[in-house]
Amino acid sequence: MTLLLALAIGVLYAAGTYLLLRRSAIRVVFGLALLGYASNLLVFTAGRLSREGPPIVPEGAVAAAATSADPLPQALVLTAIVIGFGVQAFALVLLKRTCQEAGTDDVDAMREEG
Amino acid sequence: MRSLILAAATRVVFPLLLLFSVFLLFRGHNEPGGGFVGGLVAATAYALLALTGGVAAARRVLPARPEVLIGTGLLAALASGLVGLAAGRPFMTGLWGDVSLPVVGKPGTPVLFDAGVYLTVLGVVLLILLTLQEEDEA
Amino acid sequence: MNTLLVLPLLVPLATAAATILLARSPRAVRTASFAGAAASLGAAVALLGATRDGTILVTQAGAWEAPFGISLVADRFAAAMVLVAALLLAAVVVSSIRGLDGARERAGYHPLLHVLSMGVSGAFLTGDLFNLYVWFEVMLMSSFVLVSLGGERAQLQGALKYVVLNLVSSALFLAGAGLLYGSIGTLNMAGAAVALRELPAQGLPSVVASLFLLAFGIKAAAFPLFFWLPASYHTPPMPVAALFAGLLTKVGVYALVRVLTLVFVRDTAFTGPLLLAVAALTMVTGVLGAMAQGDVRKVLSFHIVSQIGYMLMGLGLGTRLALAGTVFYVLHHIVVKANLFLVAGAMRRAGGSFSLEKLGSLLARSPLLAAAFLVPAVSLAGLPPLSGFWAKYLLVRAGLEAGNGTIVAVALAVSLLTLFSMTKIWNEAFWKPAPAGAGAAPAPLSAAERASLLGPVLVLGAITVAIGLGAGVLYRFADAAAAQLLDPELYVRAVLGARGGGT
């Protein structure tokens with residue numbers, strides 16, 4: 001499973017980097033999204049994958065079961081996903097406005113004048 | 001995008017979505033849910049209304065401008081953190097009252113914080129969506 | 001104790017909320033914004049007062065014990081950074097009254113300003129790596145909107161470059177944090193410092209350290225990752241540019257200093273020379289870029305890059321004197337650089353342009369403005385007796401003591417070129433007669449404009465002079481801060497020793 005996820009992370013990073021290097025700005029923004037997903041998946045995988053109980057204290061007990069999963073990586077990923085969502089939404093709106101103003105989404109054509 | 005089916009469905013779904021969003025908000029205390037999803041669900045309700053009836057219709061139903069929702073939400077979250085400070089504990093310490101209310105459960109600072117998140121998320125999402133749609137309508 | 005640490009975060013948050021709620025009345029927004037900035041400044045002064053004697057303040061947010069919860073930590077360096085940031089915020093708020101158009105002000109400028117300030121203070125005060133990521137994002141989000149606010153074409157294109165590069169940096173940072181958590185199981189900086197002692201210095205810690213170097217290097221605009229900065233910093237209105245120029249890259253430098261003196265302390269044989277090479281290249285490329293430009297804003301933007309090199313130089317040398325030099329340099333630079341951007345805004349108002357070709361005879365038109373430019377410009381170039389001289393003097397002496405002649409030679413040469421480039425602005429904009437065909441000169445500055453545009457500039461200039469004349473005070477402080485940075489044990493004990501929550 002870890003190997004599978006590692007491969008997925010690698011593919012995501014590769015695809016993200018490839019898209020970042022394109023001239024079309026919309027692809028660059030997609031590339032950013034993929035890089036973000038890759039990092040999220042990396043945090044998730046690095047936090048160790050295990051088939052254990054949820055880290056929730058059962059009704060009536062004082063502590064969670066001895067073999068429960070580490071909740072922190074998931075909390076971190078969740079935070080990162082939410083932040084990524086906001087940032088990507090902004091990037092898309094910015095892209096929309098920029099393309100409207102510049103009349104193109106070709107990064108090379110967007111040379112500023114003056 | 002005027003679709004009769006969507007418009008008719010929205011009338012039914014809108015109150016349900018709002019109710020569901022509040023349910024999510026309070027449920028988040030001990031189970032999956034919380035202010036963030038709650039706020040998103042509430043925002044979809046208004047977004048549906050804006051899609052079917054136009055931005056003006058959505059703004060009419062909205063209790064306050066999105067900016068005000070954001071400001072109030074931030075203040076609520078801030079206040080929930082200050083309770084801990086006022087009680088002489090570190091900032092953001094979770095404190096609960098002793099009474100048990102129906103639906104809400106024990107009222108405490110986490111619920112206040114979540115309510116702040118709910119309002120902020122609702123405000124931010126609506127601000128973005130309505131502004132974008134207004135631009136397109138104009 | 002506890003309250004002092006959270007105030008630099010709470011005051012901006014409360015101000016942001018208040019300015020959003022008051023949005024209908026511009027006057028009330030300005031008043032609230034200014035009151036908030038003043039309160040931030042007061043909170044920062046109190047924080048510095050409490051840490052001056054070497055106390056490291058710690059609070060565990062939500063009473064979750066370190067290393068499980070998020071610690072907020074303030075040592076001398078962090079407190080001083082918070083103070084300079086608050087000072088800059090106040091200056092920018094005042095200068096925005098006239099330096100910014102009403103449309104931008106109505107579009108949420110003031111709340112964003114305070115959210116940015118909260119993000120910056122949070123990044124200085126946090127003792128947790130993931131929390132640092134979150135504060136970075138808070139800061140970035142508001143800076144994204146601030147840089148594109150107004151929506152001019154050049155601005156949007158600059159913003160796109162800024163956003164893309166900073167998001168790449170965030171993704172790298174997150175990946176580094178994830179790998180670190182996977183190997184040691186904590187992201188608390190103090191906890192990580194302890195846990196990494198058990199691991200071999202090479203291997204995974206090196207990978208993580210490299211990722212962090214790369215991520216913070218992008219944010220600090222270090223060579224070869226600086227190109228986004230001159231492509232975007234000249235586009236927003238000058239008060240915004242001043243805030244960015246003063247603060248944002250320095251947050252990257254701060255994070256580098258923090259991480260390399262606290263968490264990844266063992267592989268200095270690798271990081272030291274690397275940082276010195278990066279520092280030298282950053283200085284040289286920055287200053288060469290600046291010399292080629294003909295727009296005041298672009299000249300200043302490239303100089304940010306070259307000055308970042310000096311700060312990295314101190315970190316790369318790693319001795320106590322060198323670190324003191326870095327601390328001194330960062331503090332001095334924030335004031336001076338932001339000041340220069342504010343002056344550029346006033347020059348535009350008084351001379352009608354940012355282009356050196358079109359400007360002229362500003363000395364005759366506004367001698368006060370000329371004086372206001374001269375102080376930070378000369379300080380930036382490093383002439384005595386202003387603050388920049390002492391900052392460079394410390395670094396050069398540290399370089400000589402460490403026996404590293406190359407970096408000292410580069411630093412001195414770059415300093416000379418900086419002087420050249422400042423003289424160029426002086427000659428072109430202030431000295432030479434206004435070019436023919438430039439049209440009628442803009443109306444002279446009104447009293448209100450003078451107060452709003454020149455007031456903050458003169459205050460910041462006075463601080464520059466004060467630092468220069470009383471350099472001993474700041475030097476002693478920087479030295480004490482460096483001593484604190486070089487002894488991570490102090491930090492670790494303050495965070496992990498104070499178990500049981502609030503003090």
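A crossing of two helices is called left-handed if the near helix is turned anticlockwise from the far one by less than a right angle, and right-handed if clockwise. Keep that in mind for the opening stop. Note too that this is a predicted model.

**Stop: helices 12 and 17 of chain C**

Select residues 296-317 of chain C, which form helix 12, and residues 405-431 of chain C, which form helix 17. Their axes lie 11 Å apart, and the helices pack at an angle of about 160°. Angles over 145 degrees count as roughly antiparallel. Helix 12 and helix 17 of chain C are therefore roughly antiparallel to each other. Look down through the pair: the crossing of helix 12 of chain C and helix 17 of chain C is left-handed.

Now show side chains. From helix 12 of chain C, the contact takes V296(C), V299(C), L300(C), H303(C), S306(C), Q307(C), Y310(C) and M313(C). From helix 17 of chain C come I407(C), A411(C), V414(C), S415(C), T418(C), S421(C), M422(C) and I425(C). Colour this contact of helix 12 with helix 17 of chain C by class: ten residues are nonpolar, six are polar and none is charged.

**Stop: helices 3 and 4 of chain C**

Go to residues 76-99 of chain C, helix 3, and residues 102-125 of chain C, helix 4. Here the axes come within 9 Å and cross at roughly 170°. Helix 3 and helix 4 of chain C are therefore roughly antiparallel to each other. On helix 3 of chain C, pick out contact residues including A78(C), M81(C), L89(C) and S96(C). On helix 4 of chain C, the contact residues include Y109(C), H110(C), H114(C) and F124(C). The contact of helix 3 with helix 4 of chain C has twelve nonpolar, five polar and no charged residues.

**Stop: helices 15 and 18 of chain C**

Select helix 15 of chain C, residues 367-381. Helix 15 of chain C brings L368(C), L369(C), A372(C), V375(C) and S379(C) to the contact. Among the partners on helix 18 of chain C are R450(C), L454(C), G461(C) and V465(C). The contact of helix 15 with helix 18 of chain C counts eight nonpolar residues, three polar and one charged.

Most residues other than glycine have a negative phi, and most peptide bonds are trans. Check the next spots against that.

Zoom to the loop between helix 8 and helix 9 of chain C, where A221(C) sits. Phi of A221(C) is near 65°, a positive value in a residue other than glycine. P224(C) is also in the loop between helix 8 (204-220) and helix 9 (228-232) of chain C. The peptide bond from F223(C) to P224(C) is cis, with omega near -5°.

Then move to P385(C), in the loop between helix 15 and helix 16 (387-401) of chain C. The peptide bond from P384(C) to P385(C) is cis, with omega near 5°.

**Stop: chain C against chain A**

Show chains C and A together. In contact are 30 residues of chain C and 34 residues of chain A. Between them, chain C and chain A bury about 2900 Å², 74% of it on carbon and sulfur atoms. Highlight R153(C), L160(C) and Y181(C): they supply 21% of the area that chain C buries against chain A, more than any other three residues. How many salt bridges cross the interface of chain C and chain A? There are zero.

Chain B has five helices and zero strands. Its C-alpha atoms fill a box of roughly 55 × 30 × 20 Å along the principal axes.

Bring chain A back. Four residues of chain A are in contact with four residues of chain B. Chain A and chain B bury about 440 Å² between them, 72% of it on carbon and sulfur atoms. One salt bridge is counted between chain A and chain B. Select K96(A) and E135(B) to see their side chains meet in a salt bridge, at 3.7 Å from N to O.

Conventions: Residues numbered from 1 in each chain as written. Chains lettered and ligands numbered in written order. Predicted model: local features only at pLDDT ≥ 70, side-chain atom pairs only at ≥ 80, totals over all residues. Heavy atoms only, no water. Axes fitted to C-alpha atoms, helices over the stretch in contact; angles between N-to-C directions. Helix = DSSP H or I, 4+ residues; strand = E, 2+ residues; numbered from the N terminus. Parallel < 35°, antiparallel > 145°, perpendicular 65-115°, else oblique. Contact = heavy atoms within 4.5 Å. Nonpolar A, V, L, I, M, F, W, Y, C, P; charged D, E, K, R; others polar. Buried area = accessible area lost by both parts, 1.4 Å probe. Salt bridge = Lys/Arg side-chain N within 4 Å of Asp/Glu carboxyl O.
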